Structures are given as C-alpha cells and as structure tokens.
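Here is a short tour of one protein model, written to be read alongside the coordinates. Please keep the 3D view open as you go.

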Amino acid sequence: MSIAAGEKSWEPKIVAFCCHWCAYAGADLAGLNRLQYPANARIVRVPCSGRVNPQFVLRAFQRGADGVLVAG
C-alpha cells in the first residue's frame, strides 16, 4: 500500500508509565547517550510501576492514547 502525495502515515500515540528507579533510568540513560525515541511516545515518571492505578491506564485511552506501557 503506497501513500499518496500529501498524506501522512499513521503513527500510534503511546503513553509509557515508567518506574523512577528502573525503566525511567533506562530512558534517561538513552537520552544521555543521545539516542532518540519517537516523538509520539510520552514518558510519565512514576515512583513505582506497581503503584500505577488502573484508572491512569483507562484515562490515557480515554484521552486518545493508542497504547499504554507500564514498565518497571
């Protein structure tokens, strides 16, 4: 399937809830090494991934996220 002139390809909106001590440290290290992640991914730092309320996940979907990642 080809993309017609002027059309943009669809990119999913991803919200990532990352543990401050584990997953966020990895994302921070990637930034220090000047590695880039897609602009359509949003990282939310949380104190602990085990404390992410399921309502946060549902609210992300309600506000237009196409995918949610909880990483610890």
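## About the model

This is a predicted model, in which local features need pLDDT of at least 70, side-chain atom pairs count only at pLDDT 80 or more, and totals for chains, interfaces and linings use all residues. Residues are numbered from 1 along each chain as its sequence is written, and side-chain values use heavy atoms, with hydrogens and water left out.

## The sheet

Let's begin with the strands; here strands (E, at least two residues) and helices (H or I, at least four) are DSSP runs, numbered from the N terminus. An open sheet of 3 strands has the order 2-1-3, with parallel pairing; two strands pair if DSSP finds at least two bridges between them. Strand 2 and strand 3 (67-71) are the edge strands, each pairing on one side only. From one strand to the next, the twist averages 20 degrees.

Strand 1 and strand 2 run parallel and are joined by 6 bridges, with Val15 opposite Arg42 in strand 2. Strand 1 also pairs with strand 3 in the parallel sense, over 5 bridges, and there Ile14 stands opposite Gly67. How enclosed is strand 1 by the rest of the structure? Largely so, because 5 of its 6 residues are buried; buried means under 20% relative accessible area, exposed means over 50%, and partly exposed lies in between (1.4 Å probe, protein chains only).

## Helices on the sheet

Strand 1 and strand 3 pair over 5 bridges. Helix 1 packs on the sheet, touching strand 1, strand 2 and strand 3, and its direction makes about 110 degrees with that of strand 1. Helix 2 packs on the sheet too, touching strand 1 and strand 3, at about 155 degrees to the direction of strand 3. Contact means heavy atoms within 4.5 Å; axes are lines fitted to C-alpha atoms, for helices over the stretch in contact, with angles from 0 to 180 degrees between N-to-C directions.

At the start of helix 2, a side-chain oxygen of Asn53 reaches to within 2.9 Å of the backbone nitrogen of Gln55.

## Rings

How many aromatic pairs are there? The count comes to 1 aromatic pair. Phe17 and Phe56 are stacked, at 6.3 Å centre to centre and with 25 degrees between the planes. This pair links distant parts of the chain, 39 residues apart: Phe17 is in strand 1 (residues 14-19) and Phe56 in helix 2 (residues 54-62). Rings of Phe, Tyr and Trp (its six-membered ring) pair if their centres lie within 6.5 Å, and planes under 30 degrees apart count as stacked, over 60 as edge-to-face and the rest as tilted. Phe17 counts as buried because its relative accessibility is 7%, whereas Phe56, at 37%, counts as partly exposed.

Elsewhere, Arg45 lies over the face of Tyr24, at 4.9 Å from the ring centre; a charge sits over a ring if NZ of Lys or CZ of Arg is within 6 Å of the ring centre and within 35 degrees of the ring normal.

## Two loop residues

Asn40 lies in the loop between helix 1 (23-32) and strand 2 (41-46), and counts as buried because its relative accessibility is 19%. Its side chain reaches the backbone oxygen of Pro12 at 2.4 Å. Leaving aside neighbours within four places in sequence, Asn40 is in contact with Glu11, Pro12, Lys13 and Ile14.

Gly64 is in the loop between helix 2 and strand 3. Just after helix 2, Gly64 takes a positive phi of about 110 degrees. With a relative accessible area of 31%, Gly64 is partly exposed. Gly64 and Ile14 are 50 residues apart in sequence and 9.4 Å apart in space, C-alpha to C-alpha.

Notes. Polar contact = N/O pair within 3.5 Å; in protein donor to acceptor, adjacent residues only side chain to side chain.
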